Amino acid sequence: MAKERSRRCVLLGVCALLCVVCVCLHVYVELTWWGGQGSATRLHQAVTAPTRKRRVSEDAHTWRKNASLSAANTVGSTCCPPQRRSRSGRRWRIELQPWAGERHSLEEEAKRFLRYISTPQIQCSRSMLDAEEHWNVCEDDRFSLARRVTNKHCRVYSLGLGADERQVERALVRAACEVHCFDPSISEPHLQESERLWVHRLSVDWRDPNPAISGQRHHGNTKKLATILNEFGHQEVDVLKVDMESAEWKILENLVLEGVLSSVGQLLLEVHLHWAGFEVGGEDSDVVRYWFSLLKEVELAHFSLFHSWSDPNKPRLFLHRNLWNTSSAFRLGWVNTRWKPR
């Protein structure tokens, strides 16, 4: 009996020893295999790295070539050679100015705003005034437009809804400027009315349409100004005229946030005050504070107001009420005092 018990103990000890040996062998094999795999992986990476770099370089070259070919086919008109470029420093919101008064009232905000848009900050010694439509272009020798006109390098963008007389545009054509008008109602994508006057079937918006949304697919002729500049390959615009029937606030905000104003020499802007404007919300005092803050952003971009005219033929409405018998439409002229075209 004692011998049988002793034999069993020996067998159990041998089994335990074998188990320990098996575990040690398994751990050794695992460590050896992973070490070999790491070495093989490092060796594979060292061998294939130059090939990968070469392939990435070739892919990047192919992508740039295809992008250039695609851009070259974007616009068929010879007026607009395509040239893609990026804009840096994009912002997401404008800086709101402090309230005009402690009460945050509409009267306080309206008084400050109207005083601001009615008081020119500089005087132009020479200007091109449209006596009938009251648009004004500054031709002062202190700024770049006069030299650009003399050298026949002047470019004008006119944003509007529907065709008008385009008197100031035709005057700039006679001054040897290249003028581009944007009219979404014409039938052809691009029309050349004269040697230096083009009309494009495009409407400028504060956002590009989303092609993934079916309801926006038919608005393919609506684009941001930055997108149009990139597609046309235009680096600068000497004169930008904006008369967008209450869409001007959001369009101007987009120009500020995307840094487009740095590419503009003069801004001719009609503002409409009878209501807040498209996609501008809040209390009336908030709306006027937003308007004022937006125009102060224009000033911070080195623009100075040189022309202001209130339309006497428009209704006397300021956000649906009569405030101080103010006209509901003003035409303003701003000149970029630090603009240096390339």
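**Strands, helices and cover**

Strands β10 and β12 are antiparallel partners, joined by seven bridges. One of the residue pairs between them is Leu268 with Gly333, the latter lying in β12. This is a predicted model, and the description below should be read with that in mind.

Strands of a sheet pair through backbone hydrogen bonds, and the pairing can be parallel or antiparallel.

How well covered is β12? Eight of its eight residues are buried, so β12 is largely enclosed by the rest of the structure. In a regular strand the side chains alternate between the two faces of the sheet. In β12, Ala329, Arg331, Gly333 and Val335 are on one side, and Phe330, Leu332, Trp334 and Asn336 are on the other. Both of these faces are covered.

These strands belong to an open sheet of eight, arranged in the order β5-β6-β4-β3-β9-β10-β12-β11, with mixed pairing. The sheet has β5 (190-194) and β11 (303-310) at its edges, each with pairing on one side only. On average, neighbouring strands of the sheet are turned by 15 degrees against each other, with direction ignored.

Two helices can now be placed on this sheet. Helix α2 (residues 106-117) packs on the sheet and touches β11 and β12 (329-336). The direction of α2 makes about 60 degrees with that of β12. Helix α7 (residues 284-300) lies across β10 (264-272), β11 and β12, and runs at about 165 degrees to β10.

How are α2 and α7 placed relative to each other? Two packed helices are described by the angle and the distance between their axes. The axes of α2 and α7 come within 8 Å and cross at roughly 30 degrees. Angles under 35 degrees count as roughly parallel, so α2 is roughly parallel to α7. The crossing of α2 and α7 is left-handed. On the α2 side, the contact is made by Leu106, Glu109, Ala110, Arg112, Phe113, Tyr116 and Ile117. From α7 come Asp284, Ser285, Val288, Arg289, Trp291, Phe292, Leu295, Lys296 and Glu299.

Next comes another part of the sheet, around β4. Strand β3 (residues 155-160) pairs with β4 in the parallel sense over five bridges, and Arg155 stands opposite Glu178 of β4. Strand β4 (residues 178-182) also runs parallel to β6 (residues 197-200), with four bridges joining the two. Across this pairing, Val179 stands opposite Leu197 of β6, and His180 has Trp198 of β6 as its bridge partner.

Which residues of β4 point which way? Glu178, His180 and Phe182 point one way, while Val179 and Cys181 point the other way. Five of the five residues of β4 are buried, and the strand is mostly covered.

Helix α4 (residues 167-174) has Val168, Glu169, Ala171, Leu172 and Val173 as its buried residues. After α4 comes Ala176, which has a positive phi near 75 degrees.

Leaving aside neighbours within four places in sequence, the contacts of Leu172 are Met128, Val137, Val156, Cys177 and Val179. Val179 is also one of the residues of β4 that are buried. The C-alpha atoms of Leu172 and Val149 are separated by 8.8 Å, and the two residues are 23 residues apart along the chain.

Some totals for the protein chain complete the picture. The chain has seven helices and twelve strands. Of its 342 residues, 45% are buried. Among contacts with a separation of 6 or more, 69% are between residues 24 or more positions apart. The protein chain exposes about 19400 Å², of which carbon and sulfur atoms supply 54%.

Technical notes
Residues numbered from 1 in each chain as written. Predicted model: local features only at pLDDT ≥ 70, side-chain atom pairs only at ≥ 80, totals over all residues. Heavy atoms only, no water. Pairing = 2+ DSSP bridges. Axes fitted to C-alpha atoms, helices over the stretch in contact; angles between N-to-C directions. Contact = heavy atoms within 4.5 Å. Buried < 20%, exposed > 50% of the residue type's maximum accessible area, 1.4 Å probe, protein only. Areas by Shrake-Rupley, 256 points an atom, 1.4 Å probe, with all protein chains shown as cover. Parallel < 35°, antiparallel > 145°, perpendicular 65-115°, else oblique. Left-handed = near helix turned anticlockwise from the far one by under 90°.
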